[in-house]
Amino acid sequence: MTQVIPGESERIDSVLRRFKREVSKAGIFVDLKKHRHFETPIEKRKRKALAVHKQRKRKFRY
C-alpha cells in the first residue's frame, strides 16, 4: 500500500504530486487497467506479443 505523509507546512498539491509519483512507481495504475475488464485469451496473447516486441525494440535501440 502506498502511503505519503505530508510535512507540517507542505501544500496539498505537492503532497498529491508525491502520492501520484509513488503510485506510478508501485505499478498500481497498470495493474488496475489490466484487471478492469475480462480479457479473452486472444487479447492476452496479442498484448504479450506486443510487450515482447516493444522490449526487443528497446533493447536494440542503443
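**Figure 1. V4 in the segment before α1.** V4 sits in the segment that precedes α1, in a model that is predicted. The relative accessibility of V4 is 19%, and buried means under 20%, so V4 counts as buried. Apart from neighbours within four places in sequence, V4 is in contact with V15, R18, F19 and E22. The view also takes in S14, which lies 10 residues from V4 along the chain; the C-alpha atoms of V4 and S14 are 11 Å apart.

**Figure 2. T2 and its contacts.** T2 is another residue of the segment before α1, the helix that covers residues 12–26. With a relative accessibility of 18%, T2 counts as buried. When residues up to four places away in sequence are not counted, T2 touches F19, E22, V23, A26 and I28. F19 and E22 are also among the contacts of V4. V23, another contact of T2, is itself one of the buried residues of α1.

**Figure 3. Helix α1 and the residue that follows.** Helix α1 is 15 residues in length. From its first C-alpha to its last, α1 reaches 21 Å, close to the 21 Å expected at 1.5 Å a residue. Its buried residues are S14, V15 and V23. The cover over these buried residues includes α2, which spans residues 28–34. V15 is in contact with V4, and V23 is touched by T2. Just after α1 comes G27, where phi is positive at about 80°.

**Figure 4. Salt bridges among R11, D13 and R17.** A network of salt bridges links R11, D13 and R17. Side chains of opposite charge can pair when their charged atoms come close. In the salt bridge between R11 and D13, the closest N and O atoms are 3.1 Å apart. The salt bridge between the side chains of R17 and D13 has an N to O distance of 4.0 Å. R17 and D13 are 4 residues apart in helix α1, so about one helical turn separates them. R11 is exposed, its relative accessible area being 60%. D13, which pairs with R11 and with R17, is partly exposed at 33%.

**Figure 5. The salt bridge between R47 and E39.** R47 and E39 form a salt bridge in which the closest N and O atoms are 2.9 Å apart. R47 has a relative accessibility of 35% and therefore counts as partly exposed. The structure holds 4 salt bridges; among them are this one and the two that D13 forms with R11 and with R17.

Figure 6. I28, F29 and L32 make a nonpolar surface patch of about 270 Å². F29 is part of helix α2. The relative accessibility of F29 is 46%, so F29 counts as partly exposed. I28, another member of the patch, is also touched by T2. Helix α2, to which F29 belongs, is part of what covers the buried residues of α1.

**Figure 7. R21 and F60.** R21 is a residue of helix α1. Its relative accessible area is 44%, which makes R21 partly exposed. Along the sequence, R21 and F60 are 39 residues apart. In space, their C-alpha atoms are separated by 28 Å.

**Figure 8. The chain as a whole, for orientation.** The secondary structure comes to 3 helices and 0 strands, and from the N terminus on the elements run α-α-α. The radius of gyration is 17 Å, well over the 11 Å that the globule rule gives for 62 residues, so the chain is more spread out than a compact globule. Taken along the principal axes, the C-alpha atoms fill a box of roughly 50 × 35 × 15 Å. The chain exposes about 6,500 Å², of which carbon and sulfur atoms supply 58%.

Terms used. Residues numbered from 1 in each chain as written. Predicted model: local features only at pLDDT ≥ 70, side-chain atom pairs only at ≥ 80, totals over all residues. Heavy atoms only, no water. Helix = DSSP H or I, 4+ residues; strand = E, 2+ residues; numbered from the N terminus. Buried < 20%, exposed > 50% of the residue type's maximum accessible area, 1.4 Å probe, protein only. Contact = heavy atoms within 4.5 Å. Expected span 1.5 Å × (residues − 1). Patch = residues over 30% accessible without salt bridge, like charges linked within 9 Å, V, L, I, M, F, W, Y side chains within 5 Å. Areas by Shrake-Rupley, 256 points an atom, 1.4 Å probe, with all protein chains shown as cover. Rg over C-alpha atoms; globule rule 2.2 N^0.38 Å.
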